Amino acid sequence: MHILSANQFNKELLIKLFERADYFKTQELNGEARRRLALTYNGRQVCTLFYQPSTRTRLSFETAATKLGIGVISTENAREASSAAKGETLEDTIRILGGYNLDVIIMRHFEKGAARRAAKVSNVPIINAGDGPGEHPTQALLDAHTIFSHHGRLDGLKVVIGGDLKHGRTMRSLSIILSKFKNNSITFVSVPELQVREDTKKLLSKSGTKFKETDNMQQAFKDADVVYWTRIQKEYISEPDKLPKGAFTITKKSLKTMPKKAIIMHPLPRVDEIEVEVDNDPRAYYFKQASNGMYIRMALLEHILENGR
Ligand code: CP
């Protein structure tokens, strides 16, 4: 049971994972329940194999595993600290890990399609924790859970997605999930050179999900239920200094056109595209969103261990 794309999550599975994540959150509040939970999967092991930097994804997966009693082995900088630095292929690394009788490999890589390559040679379930500018399906899970928890639905939503949409893997995976539900409409906000890619537009058109593109952030905010902001991914851009500075920064002033019902989300890390003064606004949801990540990853690990292996 590999988790490679947000496309694998149907409505039924999403609701089941949301319910389990909510359950795990309540268990956390009770010391005895928390101790019991930590005995659930004693003797099982996962590996976090990260070729790109991460704070949230790696640590929330490792914490989620530990809270379920699952042992964790980890390479946090596999590009330099694993034998990849000596020229070992991804495929060989996965074959080696397969020989250790692990239960799950959670993998982040700098190349689009790397998780799929790994899955082809793996006898262990692979979770794609981000593959270059490809996808980030477990981020989409926590994003969808955050939206569902706040609005009580994943359909009939007006979602504004802004920032670097060309390289953004989180917005792509979230768009895939939104396209599975009815009557959502998405407004993509960016400069023309960083607008949403054709493959995302194609999948939205195919599913009948309405979308438009604009560079007018204030106008886009006006009737939003969700504002999903992202950073400029300088690691993929050859001349990032040529991009307009501050054009897509959410400031306190820019919140004036945003409805009270809206929530502001961001996969994080934030650099300068949401000013720190916005953090105190009740619509600022990005830190709550990040903490939801651990619970939904507990739910996903449970789902794989119960059904995949
Ligand atoms: N949202 C996210 O993927 O964050 P990290 O890069 O810190 O894992």
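Asn101 sits in the loop between α5 (90-98) and β3 (104-109), where helices (H or I, at least four residues) and strands (E, at least two) are DSSP runs numbered from the N terminus. Its phi is near 55°, a positive value in a residue other than glycine. This is a predicted model, with local features needing pLDDT of at least 70 and side-chain atom pairs counting only at pLDDT 80 or more, while totals for chains, interfaces and linings use all residues. Residues are numbered from 1 along each chain as its sequence is written, and side-chain values use heavy atoms, with hydrogens and water left out.

Another loop, between β9 (263-265) and α11 (286-307), holds Pro269.

As for polar contacts (pairs of N or O atoms within 3.5 Å), a backbone N or O atom of Thr55 lies 2.7 Å from a ligand oxygen. The side chain of Arg56 puts an N or O atom 3.0 Å from an oxygen atom of the ligand, and a polar backbone atom of Pro267 is 2.8 Å from a ligand nitrogen. On its own the ligand has 250 Å² of accessible area, and the protein covers 92% of that (Shrake-Rupley method, 1.4 Å probe).

On to helix packing. Helix α1 (residues 11-28) and helix α7 (residues 137-151) have axes that come within 10 Å and cross at roughly 75°; axes here are lines fitted to C-alpha atoms over the stretch in contact, and angles run from 0 to 180 degrees between N-to-C directions. The pair is therefore roughly perpendicular (65 to 115 degrees; under 35 counts as roughly parallel, over 145 as roughly antiparallel, and the rest as oblique). From α1, Leu14, Ile15, Leu17, Phe18, Ala21 and Asp22 meet Leu141, Ala144, His145 and Phe148 of α7, contact meaning heavy atoms within 4.5 Å. By class, that is eight nonpolar residues, one polar and one charged (Ala, Val, Leu, Ile, Met, Phe, Trp, Tyr, Cys and Pro count as nonpolar, Asp, Glu, Lys and Arg as charged, the others, Gly among them, as polar).

Helix α8 (residues 169-178) packs against helix α9 (residues 198-207) at an angle of about 10°, with the axes 10 Å apart, which makes α8 roughly parallel to α9. Here Arg172, Ser175 and Ile176 of α8 meet Asp199, Thr200, Leu203 and Leu204 of α9. This contact has three nonpolar, two polar and two charged residues.

Definitions and conventions: A polar contact is a pair of N or O atoms within 3.5 Å; within protein, one must be able to donate a hydrogen and the other to accept it, and residues adjacent in sequence count only if both atoms are side-chain atoms.
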